[in-house]
Amino acid sequence: QVELVESGGGLVRPGGSLRLSCVASGFTLDYYAIGWFRQAPGKEREGVSCISGSDSSTYYATSVKGRFTISRSNAKNTVYLQMNSLKPEDTAVYYCARKSGYGCLLSEDNWGQGTQVTVSS
């Protein structure tokens with residue numbers, strides 16, 4: 001059974017950092033791309049970052065480029081999202097999702113339950 005479990009969210013002040021984790025089970029992580037998404041209240045869900053399953057190519061939304069870093073540990077079946085220089089507009093529920101294959105352009109076929117990130121002074 002495919003499962004994705006996010007953790008690491010919380011309350012942080014502007015300029016602070018958080019590291020989100022997405023622990024995968026039920027499949028071989030290195031065969032799939034994994035994306036991070038977020039949804040703020042009243043807004044549509046948006047893609048934040050993705051790491052491919054083949055060569056671990058990474059992609060970022062313009063709004064987070066230079067501040068967020070995605071990485072993966074296939075040995076730990078975990079994908080990370082390091083978030084630095086956080087802004088209030090980064091406040092959202094963050095989800096990880098498995099793509100249907102190696103590439104980040106593929107659609108998502110499994111989602112985690114989400115973890116809340118709140119950036120506030």
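Modeller: Two strands are said to pair if DSSP finds at least two bridges between them, and the strands themselves (E, at least two residues), like helices (H or I, at least four), are DSSP runs numbered from the N terminus. The model is predicted, so local features are given only at pLDDT of at least 70 and side-chain atom pairs only at pLDDT 80 or more, while totals for chains, interfaces and linings use all residues. Residues are numbered from 1 along each chain as its sequence is written, and side-chain values use heavy atoms, without hydrogens and water.

Biologist: In what order do the four strands of the open sheet stand?

Modeller: The pairing in this open sheet is antiparallel, and its order is β1-β3-β8-β7. Each edge strand pairs on one side only, and these edges are β1 (3-7) and β7 (68-73).

Biologist: Over how many bridges do β1 and strand β3 pair?

Modeller: Within this pair, E3 stands opposite S25 in β3, and L4 stands opposite A24 in β3. Strand β3 covers residues 18-25, and β1 pairs with β3 in the antiparallel sense, the number of bridges being five.

Biologist: Why is the pair of F27 and Y32 called edge-to-face?

Modeller: A pair of aromatic rings is described by the distance of the centres and the angle of the planes. Rings of Phe, Tyr and Trp (its six-membered ring) pair if their centres lie within 6.5 Å, and planes under 30 degrees apart count as stacked, over 60 as edge-to-face and the rest as tilted. A search of the whole structure finds four aromatic pairs. For F27 and Y32 the centres are 5.3 Å apart, and the pair is edge-to-face because the planes stand at 85°.

Biologist: Is F27 buried or exposed?

Modeller: Buried means under 20% relative accessible area, exposed over 50%, and partly exposed in between (1.4 Å probe, protein chains only). The relative accessibility of F27 is 12%, so F27 counts as buried.

Biologist: Which residue has its charged end over the ring of Y32?

Modeller: A charge sits over a ring if NZ of Lys or CZ of Arg is within 6 Å of the ring centre and within 35 degrees of the ring normal. Over the ring of Y32, at 4.0 Å from its centre, sits the charged end of R98.
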